[in-house]
Structures are given as C-alpha cells and as structure tokens.
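Have the coordinates open as you read.

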Amino acid sequence: MRINVVFRDAISPRDFFEFTNETQWPFHGAHPATESAPAELTWSTPAGAGIHLIEDEALGIIYISIENYSIEGVLERDLQEAADIISERFEAIEPEELVDLYHSVSDWNEKVLALMMVAAAAGEQSEEICTVVKDGLRSSNPDVRKAAVIASMYTPWDDLKILVEIVAESDPDENTRDLAAASLANFA
C-alpha cells in the first residue's frame with residue numbers, strides 16, 4: 001500500500017524538515033539522485049509508515065510517498081493518517097482534482113504539467129489516473145505522449161502495457177519510443 005501526496009504550491013525540503021521535527025518523526029537519511037531514481041529524504045511515523053520526500057527532476061516536482069515500513073504491516077488508516085497530517089500543514093491536491101485539471105486544460109504545456117502531477121499522485125492503481133495516462137499515450141501532441149510515457153513509469157499497471165508497447169514500436173519521435181521501451185521494463 002502506498003499513498004502519494006502532491007502539493008498545490010512548491011514546498012522546500014527545509015520546510016518539510018522543520019515540519020517533521022515538530023511532529024517528531026525520526027529522520028532516516030538522504031539518498032541522492034541516481035540515473036534510475038530521484039533524490040529522497042526519508043522519515044518514519046510512530047505507527048511504522050515510511051515518509052519519503054521525493055525531489056523528482058524527471059517530473060519537475062517534489063512530492064511525498066507514504067509506504068508501509070513495519071514488519072507487522074501498517075494499516076491503511078495509519079498511512080492515511082500520515083497523509084492527513086501532512087496535508088493539514090501543506091496544501092495537497094487530491095488525485096481526483098488532478099484528473100479534472102488534465103481534462104479541463106487545452107494548452108499542451110498545461111496537459112504535460114497535469115500529467116506529471118498525476119504521475120506523482122499515483123499511489124495504488126486508480127481507474128481515473130489510468131484513464132488520464134491512456135489519454136496522454138493516445139494524444140496527437142508529441143510532448144503530451146512523452147509525458148504520458150514518463151507517467152507510465154510511475155504507474156506500471158497492466159491496463160497501460162499495450163498502449164506503452166504501441167508507443168515503443170511506432171511513435172514518430174525516437175526519444176519517446178526509447179522512453180516507452182524503458183518504461184516496459186517496469187511492467188510485470
């Protein structure tokens with residue numbers, strides 16, 4: 001189980017550090033970005049939820065991923081409680097709002113930004129998020145298709161695999177084809 005939190009306004013790692021000091025969530029470490037993973041700062045809650053502040057250059061945003069850290073298992077409500085505590089301090093955007101944003105904008109650049117935020121918001125599989133990524137993969141705009149391929153790397157759900165394969169085989173843009181081929185490695 002994983003819950004991701006995307007913020008309405010950009011937050012700084014320093015502000016989040018101050019917040020976690022106030023909540024007394026223990027800091028576990030910093031992990032610099034690598035070729036295959038974004039930079040992360042990690043904490044845990046007393047209930048055993050892992051809090052990851054992710055500075056994702058591929059998406060161009062900072063977001064939080066909340067995951068199970070406990071060997072005994074953390075209840076979904078414990079993960080949601082951590083998300084709620086974070087959202088009380090930093091204004092979060094609900095995934096449904098991001099889906100609506102994607103469908104409401106007509107400017108290609110805004111669609112690309114919405115797709116990046118949708119990818120960051122994806123935790124467990126959501127039909128609405130899956131539909132947005134599918135729409136992006138079918139877009140006539142090459143930048144939107146590329147953004148949807150990047151989003152598919154964060155949402156390697158079986159429902160997307162066929163469309164990602166099609167993009168990998170036949171997209172007019174070589175870079176987008178290469179990204180799609182790389183995305184396929186994430187699918188089970």
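L59 sits in the loop between strand 4 and strand 5 (61–68), where helices (H or I, at least four residues) and strands (E, at least two) are DSSP runs, numbered from the N terminus. Before going further, note that this is a predicted model, in which local features need pLDDT of at least 70, side-chain atom pairs count only at pLDDT 80 or more, and totals for chains, interfaces and linings use all residues. Residues are numbered from 1 along each chain as its sequence is written, and side-chain values use heavy atoms, with hydrogens and water left out.

Is L59 buried or exposed? L59 has a relative accessible area of 5% and is therefore buried, a term that means under 20% relative accessible area, with exposed being over 50% and partly exposed in between (1.4 Å probe, protein chains only). Leaving aside neighbours within four places in sequence, L59 is in contact with M116, A119, A120, I150 and Y154; contact here means heavy atoms within 4.5 Å. For a sense of distance, L59 and V167 are 108 residues apart in sequence and 20 Å apart in space, C-alpha to C-alpha.

Another loop residue to look at is T45, between strand 3 (39–44) and strand 4 (49–56). T45 is buried too, with a relative accessible area of 9%. Not counting residues up to four places away in sequence, T45 touches W25, I51 and A82.

Now turn to helix 6 (residues 142–154). Its 13 residues reach 19 Å from the first C-alpha to the last, close to the 18 Å expected at 1.5 Å a residue (the expected span is 1.5 Å times one less than the number of residues). In helix 6, V144, R145, A147, A148, V149, I150, A151 and S152 are buried. What covers these buried residues includes helix 3 (95–104), helix 4 (108–121), helix 5 (127–137), helix 7 and helix 8.

How do these neighbours pack? Two packed helices are described by the angle between their axes and the distance between the axes. Axes are lines fitted to C-alpha atoms, for helices over the stretch in contact, and angles run from 0 to 180 degrees between N-to-C directions.

Helix 4 and helix 6 pack at an angle of about 0°, with their axes 9 Å apart. That makes helix 4 roughly parallel to helix 6; angles under 35 degrees count as roughly parallel, over 145 as roughly antiparallel, 65 to 115 as roughly perpendicular and the rest as oblique. From helix 4, W108, K111, V112, L115, M116 and A119 meet D143, V144, A147, A148, I150, A151 and Y154 of helix 6. By class, the residues of this contact are eleven nonpolar, no polar and two charged (Ala, Val, Leu, Ile, Met, Phe, Trp, Tyr, Cys and Pro count as nonpolar, Asp, Glu, Lys and Arg as charged, and the others, Gly among them, as polar).

The axes of helix 6 and helix 8 come within 9 Å and cross at roughly 15°, which means helix 6 is roughly parallel to helix 8. Their contact has seven nonpolar, four polar and two charged residues.

Finally, helix 7 (residues 158–170) and helix 8 (residues 174–184) pack at an angle of about 140°, with their axes 7 Å apart. Helix 7 and helix 8 are therefore oblique to each other.
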